[in-house]
Amino acid sequence: MSDVNKTIQKWHASFRKATDFDSWGQLVEAIDEYQILARQLQKEAQSTNSSDYTEEQKKTLGKIATCLEMRSASLQCTQSKEEFKLEDLKRLETIIKNILTYNKEFPFDVQPVPLRKILAPGEEENLELEEEEDAAAGAGATEAFPPRAPALQGTLLPRLPSEPGMTLLTIKIEKIGLKDAGQCIDPYMTISVKDVNGVDLNPVQDTPVATRKEDTYIHFSVDIEIQRHLEKLPKGAAIFFEFKHYKPKKRFTSTKCFAFMEMDEIKPGPIVIELYKKPTDFKRKKLQLLTKKPLYLHLHQTLHKDS
């Protein structure tokens with residue numbers, strides 16, 4: 001079996017897994033699977049050096065990814081007017097399975113996500129821009145492009161239902177200190193919970209784009225609900241915060257720096273954590289501080305225990 005067919009088989013298995021979770025009511029798992037598959041399809045759809053698929057097939061992959069994101073958004077927001085139903089999504093299964101031979105019209109009026117370059121952690125290192133170039137591009141350059149974050153309103157999830165004897169954690173991201181805070185375009189944070197090997201334990205969440213900047217600070221003032229009871233997190237797990245911003249010259253969103261919090265740092269009240277240079281090291285093996293200046297990520301933790 002060729003590599004292309006193996007990849008398509010993996011996509012199909014992932015799609016089945018996600019829709020199964022969805023139909024069983026395991027929404028957290030379904031959202032996670034939908035988002036992972038959407039990223040994989042978008043990456044292939046936006047690849048410029050792959051000859052495995054025709055431009056038309058890439059466009060179809062991009063449209064499937066858009067539908068996966070729409071279903072994921074429907075599950076995250078019960079008030080969504082733009083609900084994308086599970087039975088509609090299931091119509092795409094034969095398209096994924098037969099992507100190499102599919103030649104009919106796409107069943108939904110959607111478009112692949114435009115312009116957004118989707119990069120795996122660390123991949124943007126190959127497209128590095130000097131910070132001076134960013135500054136030279138100037139904030140005024142933003143007007144020429146539409147918003148580029150995954151969603152201006154973010155992809156934050158509600159708090160899980162409480163369980164007797166179990167603890168839930170809410171983290172308020174208050175602000176981040178950066179020497180060039182005022183020059184960051186469309187800044188937002190991606191929050192993930194990883195095990196000791198860097199594997200996702202929860203769905204990844206994005207904050208809304210921060211709009212308030214003040215001196216060397218970007219203010220978020222947003223609550224993140226960690227999507228697992230603390231007692232169920234494995235030993236060595238950590239919560240990661242990746243700060244991302246848009247680079248107009250390269251037209252992609254880049255990770256500027258990251259921070260993380262380990263299990264022994266979880267306690268009620270304020271906490272200030274250090275910032276590290278990219279690429280994000282989810283295994284926490286080769287950490288380099290971003291700056292020697294006293295600039296940090298400011299958080300506030302609240303624990304909820306149902307006795």
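Analyst: Let's begin with helix axes: an axis is a line fitted to C-alpha atoms, for helices over the stretch in contact, and the angle between two axes runs from 0 to 180 degrees between N-to-C directions. Please keep in mind that this is a predicted model, in which local features need pLDDT of at least 70 and side-chain atom pairs count only at pLDDT 80 or more, while totals for chains, interfaces and linings use all residues. Residues are numbered from 1 along each chain as its sequence is written, and side-chain values use heavy atoms, with hydrogens and water left out.

User: Why are α2 and α3 called roughly antiparallel?

Analyst: Their axes come within 8 Å and cross at roughly 155°. Angles under 35 degrees count as roughly parallel, over 145 as roughly antiparallel, 65 to 115 as roughly perpendicular, and the rest as oblique. The crossing angle is over 145, so α2 is roughly antiparallel to α3.

User: How do you know which residues make that contact?

Analyst: Contact means heavy atoms within 4.5 Å. Among the residues that make it are Leu 27, Tyr 34 and Leu 41 of α2, and Leu 61, Leu 68 and Leu 75 of α3.

User: What about α1 and α2: what makes their arrangement roughly antiparallel?

Analyst: Helix α1 covers residues 3-24 and helix α2 residues 27-45; their axes come within 8 Å and cross at roughly 155°. That makes α1 roughly antiparallel to α2. Residues of α1 including Trp 11, Phe 15 and Ala 18 meet residues of α2 including Leu 27, Tyr 34 and Leu 37.

User: Which hand does the crossing of α1 and α2 have?

Analyst: It is left-handed. The word applies if the near helix is turned anticlockwise from the far one by less than a right angle; clockwise would be right-handed. The crossing of α2 and α3 is left-handed as well.

User: How many aromatic pairs are there, and how are they sorted?

Analyst: The structure holds nine. Rings of Phe, Tyr and Trp (its six-membered ring) pair if their centres lie within 6.5 Å; planes under 30 degrees apart count as stacked, over 60 as edge-to-face, and the rest as tilted. Take Phe 84 and Phe 108: with centres 5.2 Å apart and 70° between the planes, this pair is edge-to-face. Phe 84 lies in the loop between α3 and α4 and Phe 108 in the loop between α5 and α6, so the pair ties together parts that are 24 residues apart in sequence.

User: And why is the pair of Phe 260 and Tyr 276 called stacked?

Analyst: Its planes are 20° apart, with 5.5 Å from centre to centre; under 30 degrees is what stacked requires. Phe 260 belongs to strand β7 and Tyr 276 to strand β9, 16 residues apart. Together with Phe 240, Phe 258 and Phe 282, these two form one aromatic cluster.

User: What makes Phe 260 and Tyr 276 buried?

Analyst: Buried means under 20% relative accessible area, exposed over 50%, and partly exposed in between (1.4 Å probe, protein chains only). Phe 260 has 10% and Tyr 276 has 13%, so both values are under the 20% limit.

User: How do you know that a charge sits over the ring of Phe 282?

Analyst: The rule asks for NZ of Lys or CZ of Arg within 6 Å of the ring centre and within 35 degrees of the ring normal. The charged end of Lys 194 sits over that ring, 4.0 Å from its centre. Likewise, the charged end of Arg 284 sits over the ring of Phe 260, 6.0 Å from its centre.

Key: Helix = DSSP H or I, 4+ residues; strand = E, 2+ residues; numbered from the N terminus.
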